[in-house]
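Reader: I would like to learn how to read a model like this one. Please show it to me, then take me through its features.

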Amino acid sequence: SARLGVLQVLPDMMSNGPARAAVDAAAAVVAAGGRAVVASGGGPLEVDLQRCGATHILLPFHSVGAFARWANVRRLMRAIRRHGIAIVHARVPETAWLAKKAAQMSGAWFVVTCHGNHDVSSLVARRRNAVMAYAERVIAVSQTVAEHLRASYPMPSGRLSVVPPGIDLQRFDPARVSAERIAQLAQQWRLPDGVPVIMLP
């Protein structure tokens, strides 16, 4: 009967693919009536987390060394207990090992999303990035990434799923953008008149 708690773990909330995906997933968890918590090193997209009703926990993931890593695992375990987390979701190998350890020690499910092909050119790199395949569920953002994971890290059938990221097309509806807004942006970006602009969301 308790609301589902989901903790996402990633290095920062800068304007990048994993952080944007974390915001979108947190908004979906909140909209479904769950508790959304994100642990990261911080960044501009923290504001979007607050807007959607998620909780952000600032952790010093940039710190290196065994003591710092263990301290971050303990912080994640405290967050799991405090917020009643059932699923720990990692998005980047650098923090996925810490998330995996905290999930195992807390009895939470461990899930990863792989946002791209990771380095497997050396044994060290393969071991470092192997955590992206050692979870109860592994999500790939494309068939290409899924094929890379299958080739690099054999895993049981049914563990890997492909979930392409989505874009809220209403946010990019030209009818919702006024002529004044276009003129303001063109002036801000110092665009000369008549120059075509190609933008990616």
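Author: The chain has seven helices and seven strands. Helices (H or I, at least four residues) and strands (E, at least two) are DSSP runs, numbered from the N terminus. Along the sequence the pattern reads β-α-β-α-β-α-β-α-β-α-β-α-β-α.

Reader: What ground rules apply here?

Author: This is a predicted model: local features need pLDDT of at least 70, side-chain atom pairs count only at pLDDT 80 or more, and totals for chains, interfaces and linings use all residues. Residues are numbered from 1 along each chain as its sequence is written, and side-chain values use heavy atoms, with hydrogens and water left out.

Reader: How do I read the overall build, and what share of the 201 residues is buried?

Author: Begin with the box. The C-alpha atoms fill roughly 55 × 40 × 35 Å, taken along the principal axes. Next comes burial. Buried means under 20% relative accessible area, exposed means over 50%, and partly exposed lies in between (1.4 Å probe, protein chains only). Here buried residues make up 40% of the 201 residues.

Reader: And the surface as a whole?

Author: Accessible areas come from the Shrake-Rupley method with a 1.4 Å probe; for residues, only the protein chains shown count as cover. The chain exposes about 11,900 Å². Carbon and sulfur atoms supply 57% of that area.

Reader: What do the contacts say about sequence distance?

Author: Contact means heavy atoms within 4.5 Å. Take the contacts between residues at least 6 apart in sequence: 58% of them join residues at least 24 apart.

Reader: Give me a single-residue case. Is V145 buried or exposed?

Author: V145 is buried, at 5% relative accessible area. V145 sits in helix 6 (residues 143-152). Leaving out residues up to four places away in sequence, V145 touches C114, H115, G116, N117 and A140. Now compare sequence with space: V145 and H118 are 27 residues apart along the chain, and their C-alpha atoms are 9.0 Å apart.

Reader: Salt bridges next. How many does a search of the whole structure find?

Author: The idea is a distance test: a side-chain nitrogen of Lys or Arg within 4 Å of a carboxyl oxygen of Asp or Glu. The search finds three. R20 pairs with D24 at 4.0 Å, N to O. R20 also pairs with D48, with the closest N and O atoms 2.7 Å apart.

Reader: Why are D24 and R20 about one helical turn apart?

Author: They are separated by about one helical turn because they lie four residues apart in helix 1 (residues 17-31). D24 is partly exposed at 37%. R20 is partly exposed too, at 26%.

Reader: And what is the third bridge?

Author: R51 bonds to D48 in a salt bridge, the closest N and O atoms being 2.9 Å apart. Both residues lie in helix 2, three residues apart, about one turn of the helix. R51 counts as exposed at 66%, whereas D48 is buried at 18%. Shared partners join R20, D24, D48 and R51 into one network.

Reader: How should I read a surface patch?

Author: Patch residues have over 30% relative accessible area and no salt bridge; like charges are joined within 9 Å, nonpolar side chains (Val, Leu, Ile, Met, Phe, Trp, Tyr) within 5 Å. R74, R75, R78, R81 and R82 form a positive patch. One of them, R75, is in helix 3 (residues 66-83) and is partly exposed at 31%.

Reader: Which residues form the nonpolar patch?

Author: W189, L191, V197 and M199, with about 390 Å² of accessible area together. M199 lies in the segment after helix 7 and is exposed at 57%.

Reader: Last item: the backbone. What is phi of R190?

Author: Phi of R190 is near 55°, a positive value in a residue other than glycine. R190 is in the segment after helix 7 (179-188). R190 is exposed, at 75%.

Conventions
Lys and Arg count as positive and Asp and Glu as negative; His and the chain ends are not counted. The place of a charge is taken as NZ of Lys, CZ of Arg, CG of Asp or CD of Glu.
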